[in-house]
Structure formats: C-alpha cells, structure tokens
Amino acid sequence: MLEKQREKIDTLDKQLVSLIEERFDVVQEVADIKQQHNIPVLDDEREKRVIQKVQSYVKNPEYRSVMGQVFQSMMDVSKDFQKEKMEKQD
Ligand SMILES: C=C(O[C@@H]1C=C(C(=O)O)C=C[C@H]1O)C(=O)O
C-alpha cells in the first residue's frame, strides 16, 4: 500500500544525506576557524538569517514553519557537533 511513497522517501533521504554530509563538512571548517580565533560557536544573528532565508525558498507556504523547525534542529545538532569537536581537540 505504501511501497511507492516509501521508495520515493528512501530516494529523497539518500539525496538529503549527501547534502547534509556536505553541510557538515563545511560546519567542520567553521568549527576549526572558530577554535583558532576564539569565536563562540553560537551565532544567533546568523541562525535567524539562515531560518529567514530557507523559509523564503519554500514554495508551499504550508511547509514554511516545518522548514524553520528542520533547520533550527539541524543548527542545534551542528552546534553540539562543533562543541564536541572542539573539546576533542583541546
Ligand atoms: C556553522 C556556524 O555555527 C553555528 C551553526 C550554524 C549552522 O549550522 O548553520 C549557524 C550559526 C552558528 O550558531 C556558523 O557560525 O556559521
């Protein structure tokens, strides 16, 4: 019954994993630079701009809030990841 939709979700998930991996590669670079220059992990203004930007890309207004939540969650994970990475290198 759900096979067709689940297959589509699986294909999209694969593409998302690849893009999220790429995003985290860049997050790692950001973490290194922040550590070298003693810059705090959290940049609240940047996060607000990221949310605004991604929400402006959404075509279906019904998903605008969802997209904000998805990206806020990803940035929360991103900050935890950066902090863990910095602690390991201390
Ligand atoms: C990656 C950064 O660090 C944090 C995580 C962000 C993100 O994952 O997009 C954005 C802002 C920061 O709170 C950054 O400063 O650009």
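Me: What should H1 span, and how far apart are its end C-alpha atoms?
Reply: At 1.5 Å a residue, the 34 residues of H1 should span 50 Å, and the end C-alpha atoms are 49 Å apart, which agrees; the expected span is 1.5 Å times one less than the number of residues, and helices are DSSP runs of H or I with at least four residues, numbered from the N terminus. This is a predicted model, in which local features need pLDDT of at least 70 and side-chain atom pairs count only at pLDDT 80 or more, while totals for chains, interfaces and linings use all residues. Residues are numbered from 1 along each chain as its sequence is written.

Me: And how many residues of H1 are buried?
Reply: The number buried is 1 of 34, so H1 lies largely in the open; buried means 20 or more other C-beta atoms within 10 Å of a residue's own, exposed 12 or fewer, and partly exposed in between, with C-beta atoms placed from the backbone.

Me: What happens just after H1?
Reply: Asn 38 takes a positive phi of about 55 degrees there, in the loop between H1 (3-36) and H2. Most residues other than glycine have a negative phi.

Me: Is Asn 38 buried or exposed?
Reply: Asn 38 counts as exposed, because it has 6 C-beta neighbours inside 10 Å.

Me: Switching topic, at what angle do H2 and H3 pack?
Reply: H2 (residues 44-57) and H3 (residues 64-89) pack at about 145 degrees, with their axes 9 Å apart; axes are lines fitted to C-alpha atoms over the stretch in contact, and angles run from 0 to 180 degrees between N-to-C directions.

Key. Helices (H or I, at least four residues) and strands (E, at least two) are DSSP runs, numbered from the N terminus.
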